[in-house]
Amino acid sequence: MDTESFLSVARELLAVPSTADRPGELHRALDFVLDFVGPGFTVERFESNGKPSALIYHGARRPRFQIILNAHLDVVPAEPDQFRARRDGNRLYARGAQDMKVSALVEAQVFGELAGRLPYPIALQLVTDEEVGGRNGTLHQLEQGVSGEFVIIGEHSGLRIVTESKGMITATLRAVGRSAHSAYPWLGDSAMLKLLRSLDNVLAKYPAVTEEAWRTTVNVARIDTPNQAFNQIPASVEAWLDIRFPPEDADLNGKTVDEITMYLAAFCEAGVTPTVHQADPPHDSDRSRREVRQLQQAALNQGYQPDFLREHGAADGRFYYQRGIDAVIFGVGGDGQHGPDEYVDTTTIAPYHRALKEFLQDPGHDDQALGGQNERST
């Protein structure tokens, strides 16, 4: 791999502000990577709720793939200067550098180099909605019949392997009371106070964390009321909750939306009602399966310790997990995702490229050297 030439192309992709509110830029990022892959492959295009995605493979008919390389090309919003990549030593700073346009481009290059020569079917899956839930990209394609045996998601990992990630619940707590003049609070029934006491109950069960911990966390993302006056008791208030939970949380894992709704209702005062919008289970892959061991060996051969990681965030692997398909995260290194100083560690790009190629080219790795590798969490 010519890293400098690759970075020149990566800068062009990083310059595309492919955020959820810019559908034209989502299409532009997708077309850019498809052009980068080159001709000679079947390209299936999908679209759901305005979010485009694509599936690329060799051959005229879509098979069940042995390996799927999954990547998202959408990014979270940023200031305009973050879409102008800048390099400082071994760091390339830009929105999407770590999460995950550079990994996506490496996956695309490896696919273009190998897909037509491998003795088994692989696919490159490109989506543009991972940052807003993934339901109109990866999930939509799965609902259209796309399937495989094993999936590598190119999210950043520093060439370590993420086999577990937390489940995700999004919910709203809505409080209803009775409005009155704030000078006469006994004449009203404050929806705000009901909501705050209900939130206190939730956070007593799941207190805020100040350091990394593999347990359930609750983010109160927003509290909103239509009240517009200082001297008026609010009659309605709502709060947004983002809940992330590991497989060990028996109160949430394996529960239906109705069961989770009932569970949250137990924390709420009278007049406060929970609504669960989304409930996805944790993602957990079999660490002993052959492909995982192969990937570990490929990373080890590049000089990286192929530790297992646990990811606090949710990724599109959860949609595969729900269908009994193992998926892992394996990508380049970097730091600062979603922040003003996001960067990719450029020294990890070529090793990542070589590791992916080795993994795809040799399905018969000897994994005896991996017996003593460590488990780590992130």
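**Aromatic pairs and a buried glutamate**

Modeller: A search of the whole structure, which is a predicted model, finds seven aromatic pairs.

Biologist: Let's take Phe-150 and Phe-359. Why is this pair called tilted?

Modeller: Their ring centres are 6.3 Å apart, and the cut-off for a pair is 6.5 Å. The planes meet at 50°; under 30 degrees would be stacked and over 60 edge-to-face, so the pair is tilted.

Biologist: What makes the pair a tie between parts apart in sequence?

Modeller: Phe-150 belongs to strand 7 (residues 148-153) and Phe-359 to helix 9 (residues 349-361), so the pair joins parts that are 209 residues apart in sequence.

Biologist: How do you know whether Phe-150 and Phe-359 are buried or exposed?

Modeller: Buried means under 20% relative accessible area. Phe-150 has 0% and Phe-359 has 2%, so both count as buried.

Biologist: And Tyr-263 with Phe-267: why is that pair called edge-to-face?

Modeller: The angle between the planes is 85°, and over 60 degrees counts as edge-to-face. The centres are 5.2 Å apart. Tyr-263, at 18% relative accessibility, counts as buried, and Phe-267 does too, at 13%.

Biologist: Good to know! Now to Glu-107 in helix 3 (residues 97-114). How do you know that Glu-107 has no salt bridge?

Modeller: A salt bridge needs the charged atoms within 4 Å. For the buried Glu-107, the nearest side chain of opposite charge, Lys-101, is 14 Å away, so by that cut-off there is no salt bridge. Among the residues that Glu-107 touches are Leu-69, Ile-152 and Tyr-352.

Methods. Residues numbered from 1 in each chain as written. Predicted model: local features only at pLDDT ≥ 70, side-chain atom pairs only at ≥ 80, totals over all residues. Heavy atoms only, no water. Helix = DSSP H or I, 4+ residues; strand = E, 2+ residues; numbered from the N terminus. Buried < 20%, exposed > 50% of the residue type's maximum accessible area, 1.4 Å probe, protein only. Lys, Arg positive; Asp, Glu negative; His and termini not counted. Contact = heavy atoms within 4.5 Å. Phe/Tyr/Trp six-rings, centres within 6.5 Å; stacked < 30°, edge-to-face > 60°. Lists of a residue's contacts leave out its neighbours within four places in sequence.
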